[in-house]
Amino acid sequence: MSEGFPSERRPRWAAFVIAAGLAGLAVLILVDAAGLKQDGGYAGVGPADVPRLIAYVLLLLSGLTVVSGLKGDLPRPPRQAPAPILWIMGGLIGQLTLLHVVGFAISGAILFGMTARGFGQRPLWKALVVGLVLSLAIYGVFDRLLRLNLPGGPLELLIYRG
């Protein structure tokens, strides 16, 4: 081995997987941006410019990740705890499946409560109550002030249209 690289340093293969994912996402964004109409007008900036900028930054990050993976000087990832991720994913799935059944407020409260539980908030019922209050407030802003429709359920009908 050469002087600059101790023998325990090896390429981190996870870094190459992450770099490939970043590069793939960048290519996907570039392909999508190529289909956007590009009439910048006076300013010369069009709707495809920001996606292209984001894609180029992702490509840069992908290259830097490859370099770090080749050097092998990345820190060891910490041990992962699956329970918080499962709570959050359960909340997302719950909101997606219940949104048009029970409405925005209740499904948003479920998402908020389960996400808070995933981050360690106990008891769950307190987080659900806070999530319900926040969801109702957000629904009110969208419905009354912005005049944008969110999926309403029986609770929204009772409070905002009753």
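This is a predicted model: local features need pLDDT of at least 70, side-chain atom pairs count only at pLDDT 80 or more; totals for chains, interfaces and linings use all residues.
**View 1. Helices H1 and H2 cross.** Two packed helices are described by the angle between their axes and the distance between the axes. Helix H1 covers residues 13-34. Helix H2 covers residues 49-71. Their axes come within 8 Å and cross at roughly 165°. Angles over 145 degrees count as roughly antiparallel, so H1 and H2 are roughly antiparallel to each other. The crossing of H1 and H2 is left-handed.

View 2. Five names to find here: Leu53, Val57, Leu60, Leu61 and Leu64. Together they make a nonpolar surface patch of about 460 Å². Look at Leu60, which lies in helix H2. Leu60 has a relative accessible area of 53%. Exposed means over 50%, so Leu60 is exposed.

**View 3. Helices H4 and H5 cross.** Helix H4 runs over residues 104-118, and helix H5 over residues 124-145. The axes of H4 and H5 come within 7 Å. They cross at roughly 140°. H4 and H5 are therefore oblique to each other. The crossing of H4 and H5 is right-handed.

**View 4. Asp143 sits in helix H5**. Is Asp143 buried or exposed? Its relative accessible area is 8%. Buried means under 20%, so Asp143 is buried. Now find Tyr160. Asp143 and Tyr160 are 17 residues apart in sequence. In space, their C-alpha atoms are 8.3 Å apart.

Conventions. Residues are numbered from 1 along each chain as its sequence is written. Side-chain values use heavy atoms; hydrogens and water are left out. Patches are made of residues with over 30% relative accessible area and no salt bridge: like charges are joined within 9 Å, nonpolar side chains (Val, Leu, Ile, Met, Phe, Trp, Tyr) within 5 Å. Accessible areas come from the Shrake-Rupley method with a 1.4 Å probe; for residues, only the protein chains shown count as cover. A salt bridge is a side-chain nitrogen of Lys or Arg within 4 Å of a carboxyl oxygen of Asp or Glu. Helices (H or I, at least four residues) and strands (E, at least two) are DSSP runs, numbered from the N terminus. Buried means under 20% relative accessible area, exposed over 50%, partly exposed in between (1.4 Å probe, protein chains only). Axes are lines fitted to C-alpha atoms, for helices over the stretch in contact, and angles run from 0 to 180 degrees between N-to-C directions. Angles under 35 degrees count as roughly parallel, over 145 as roughly antiparallel, 65 to 115 as roughly perpendicular and the rest as oblique. A crossing is left-handed if the near helix is turned anticlockwise from the far one by less than a right angle, and right-handed if clockwise.
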